[in-house]
Amino acid sequence: MNTLSPLDCLAENGKARIVLRDLSYQYAYVPAESAAALQHVSFTILDGEYVAILGANGSGKSTLIKCINGLCIPEAGQVTIYGDGPLDPARPEDIYPIRQIIGTLLQNPDDQIVGTVVEEDVAFGPENQGLPPEERNRRLNKALQDTGLQRLRARPPQFLSGGERQRLALAGVLAMETPVLALDEAASMLDEGSRHALMDLLDELWRQGKTILHITHNIEEASRAQRCIVLHQGRLVFNGSPQELFVHPELERWGFRINSALETVRRLRRRFPDFEPLTLQAEAVAASFAAYLTAQKKPDLAAISQRRAAADDETGTGPASHQAVTPQMAYGTMDHDCAVQCQNVHHTYLAGTAFAAAGLEDITFALPRGCNLALIGPSGSGKSTLLRHLNAILLPTSGQVAVLGQNTRDATIDLRTLRRRAVLAVQNPESAQFETYVADEVAYGPRNSGLTGKALVERVRRAMEMVGLPYDKYRDRLVRQLSGGEKRRLALAGVLALEGELFLLDEPVAALDGEGQARVAELISQLKQQGKTVISSTHSMEDACTHDLVGVLYEGKLVALGSPEEVFIHQWSPEWKLFQPWTVRFCRGLETALGMPGLFPGKTALTASGIDSVLGSLSTAETASSSTSPAQLINMKPLCQPQRQRRTTGIEFFRNVNLGLFIDIPSVLRNLSAGLKLAATIIILFAVILVPAWHFSLVMLGVILLVGKTLGNVGPKHLLRGLVPAALYILFMVLVQVLFPWSQDTSQVLWQWGFIVLSVQKMTNVLMLISRLAALMALLALYSAVTPMVESIRAVKGLLAPLGKRGLPIQDFMLIFGIALRFVPLLVEEAERIVIGQLSRGGGYHGQNKMRAGIVLVVPLFLRALERSEVLATAMELRLFSARRTDMLRK
């Protein structure tokens, strides 16, 4: 008689959703002697369960998700997905129904965006599901609302910040409304406010009955799950409750960082063994601990609180003693040279166009040498923009920036030399890496400094060892075969190899595991000991607490600057849309629950040890010290205007290439149907091309500009902006018309010099060329400015519908057309990232470097295009396009 296994019993009862039996997987490019990505992994996920999957970089988490959704076919073991019946990702016919069940968010949001504007991308999945328009619109609007992207629905993805792109990728998955959500590091690039909003959303979706698989490095996020699964070197090493994971003795060996939340809870349990928190949410831990203290009837709490307040008054460490920093002040001492000084800095992206957006507004501060500054703020607040100004990748639209005593707008300053002294590690560094081999990537900056031979090898070796990439093991590895965490370490090595004076780190710990985060923190500490200046942007309030100073950016403005205590405790404002550090939220929650304001004075609320010192006094009569040495304020010296000013670094070219897109402003033309506008545009276009009179083209240009201004709210400056990048082409064509003789030209000669003859016919041809080009560019710019891309594609599809009835693949043609429209700005963006990666380490396109830098750009850009093509196809498959087509053809 056959008996059912426990897993089969769960499936029979309709409780199992995902079952893994002895799953193993090894990537083909990994040497056979290396450990497999997954080794004999078995577990079951129940329907409606919330499971967090944790592990260090390279532990197999992402591979596990790929095996579940069919992107990777396991070589051993089995995966079973239960829908209406058992489904196997290894069977091609089961892929489509599996992806109807499981919505997957990939680790890199750029790998999942397929639309040309936000709303088009979010609607891609529901359209492939074959939903009626009303249901598609409902899902679209709900997903945009849940992710906070309503106001950005018409914006192209290339104009979004990193955090906004991650929210867009999430919205595309949520709009499919699958019963299972598999999220791979969904919060890794989000600011604290967006991260907490995402976690609240996942809680709500789980309460609504969805099954959640959340891959994360963050134990606080994992504490909100019902169950935690930990992978280590491809093996399952833990499968239990979050409460059991908090106190597990192997956490550090598995690659977790014992952050302030874990350290605080561990200290609480050592001091109060009977206390058992159920979660790592700061407010919940505080509430449960307050209830525990009240039940234990701890003595003299009120007396202790009074002693705290009295101690603050005596030492002058209370809130009133802390002076807010004004824009005219800076931190440091009078005998220090400033490493950085910004004076009334403004920066506007795409200034003078309809896409103009403020990046920085009136930034004024100075930072002494040898000081560490953490920049925090919501996504899109200007952190990356400010760091690029300090590396002279960008120049201010107005105001002055001085770096290491040199004004970046001074045309006599060699920016390449300055960038080798003030080194920038860019955000998403893996997209800015362009060399083939690891050692060459690290050596790029030192080579630009003239280092060669043994000195270069030793410099590269030292930098790679500092970030945990052993030189002998990694020097000849292909960059593209490194894991995400290894690529981020490689980027840090490339910066450290320059041995500069100022280090600018843009989100250096994003997507790193606990070990990687701890290593970055140690590197920053080492740089400070060496007298270096470090400015890093971060979404981690805990990491910000370890810096000398914290600066808060909000909507492009520097709204606060001070020590961690001053910013996080005394100047804090909820208007910044951020969350205070975990320890501060715990302390404030405990004070509120106990009715004891001031229980944690000064900087004791910033660290687990400070909290422990206060809690230790609950059983003694001692008062914990909270003394602090506030930073000294100095007045800034005004910067002088350079005699010869540099206007641009040239990097703005890449943003200008992406112009000619939809402008989301109300107008008469905007309200017209896309089909009508498309038909009118085509008629005018052919008229301008076919009518052989420059007067007609000139009149049509005037009409287009007038209509654009009066009916479309789009000015002539925007409509004619395309002439600027086309100027060289126009000049070349004009010279061809003028310099070469035309056999049929019998018109009057106006001027002659040698073999160059200027006739009436040639002048007519030149005027025809310029007026036609201007009219056509203005016409297309106007159409794209008042018509969203998604509406344009639908309009073209409608015009071509009669051909579809004759058997032509119009649907596929339009998809390819839409992807091409998305792919062009993608490649432009990739090129921009590579060029920034070159410029930020002292490379450039001048002199002898010009040819080599150009080659270094073309080769990786070609390879990146192939990679992007592959990931774009994968993203489309996960959102049911390819599977839907295959299923339709099979039927």
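At what angle do the axes of helix H29 and helix H30 cross? The answer comes after a look at the whole chain.

This is a predicted model. The protein has 891 residues, and 55% of them count as buried. It holds 34 helices and 24 strands. Of the contacts with a separation of 6 or more, 71% join residues 24 or more positions apart.

Now the helix pair. H29 covers residues 727-739 and H30 covers residues 760-786. Their axes cross at roughly 160° and come within 9 Å. Angles over 145 degrees count as roughly antiparallel, so H29 is roughly antiparallel to H30. The crossing of H29 past H30 is right-handed. On the H29 side, the contact uses Tyr 729, Ile 730, Met 733, Val 734, Gln 737, Val 738 and Leu 739. H30 answers with Lys 762, Asn 765, Val 766, Leu 769, Ile 770 and Leu 773. By class, this contact has 10 nonpolar residues, two polar and one charged.

Leu 758 sits in strand S24, residues 756-759. Its C-alpha lies 9.3 Å from that of Gln 737, at a sequence distance of 21 residues. Gln 737 belongs to the H29 side of the helix contact. What does Leu 758 touch, leaving aside neighbours within four places in sequence? The partners are Val 738, Val 749, Leu 750, Trp 751 and Met 763. One of them, Val 738, is also part of the contact of H29 with H30.

Helix H11 (residues 282-296) and helix H22 (residues 582-594) have axes that come within 8 Å. They cross at roughly 40°. That angle makes H11 oblique to H22. H11 passes H22 in a right-handed crossing. From H11, the residues in contact are Ala 282, Glu 283, Val 285, Ala 286, Phe 289, Ala 290, Leu 293 and Thr 294. From H22 come Trp 582, Arg 585, Phe 586, Gly 589, Leu 590, Ala 593 and Leu 594. The contact divides into 11 nonpolar, two polar and two charged residues.

Next, the sheets. Go to the start of the chain. Here four strands form an open sheet in the order S2-S1-S4-S5, with antiparallel pairing. S2 and S5 (86-87) are the edge strands, each pairing on one side only. Strand S1 spans residues 16-25. Is S1 mostly covered or mostly uncovered? S1 is mostly covered, with eight of its 10 residues buried.

Follow the pairing across this sheet. Six bridges join S1 to S2 (residues 38-46), and the two run antiparallel. Tyr 25 has Leu 38 of S2 as its bridge partner. Five bridges link S1 with S4 (residues 76-82), again in the antiparallel sense. There, Arg 21 is partnered by Gln 78 of S4. S4 then pairs with S5 over two antiparallel bridges. Tyr 82 stands opposite Pro 86 in S5. Helix H2 (residues 61-69) packs on the sheet and touches S1, S2 and S4. The direction of H2 makes about 120° with that of S1.

S15 (residues 398-403) meets S16 over two bridges in the antiparallel sense. Val 403 has Gln 406 of S16 as its bridge partner.

Helix H23 runs over residues 608-616. How many of its nine residues are buried? The count is seven, which leaves H23 mostly covered. Buried here are Ala 608, Gly 610, Ile 611, Asp 612, Val 614, Leu 615 and Gly 616.

Technical notes
Residues are numbered from 1 along each chain as its sequence is written. This is a predicted model: local features need pLDDT of at least 70, side-chain atom pairs count only at pLDDT 80 or more; totals for chains, interfaces and linings use all residues. Side-chain values use heavy atoms; hydrogens and water are left out. Axes are lines fitted to C-alpha atoms, for helices over the stretch in contact, and angles run from 0 to 180 degrees between N-to-C directions. Angles under 35 degrees count as roughly parallel, over 145 as roughly antiparallel, 65 to 115 as roughly perpendicular and the rest as oblique. A crossing is left-handed if the near helix is turned anticlockwise from the far one by less than a right angle, and right-handed if clockwise. Contact means heavy atoms within 4.5 Å. Ala, Val, Leu, Ile, Met, Phe, Trp, Tyr, Cys and Pro count as nonpolar, Asp, Glu, Lys and Arg as charged, and the others, Gly among them, as polar. Buried means under 20% relative accessible area, exposed over 50%, partly exposed in between (1.4 Å probe, protein chains only). Two strands pair if DSSP finds at least two bridges between them.
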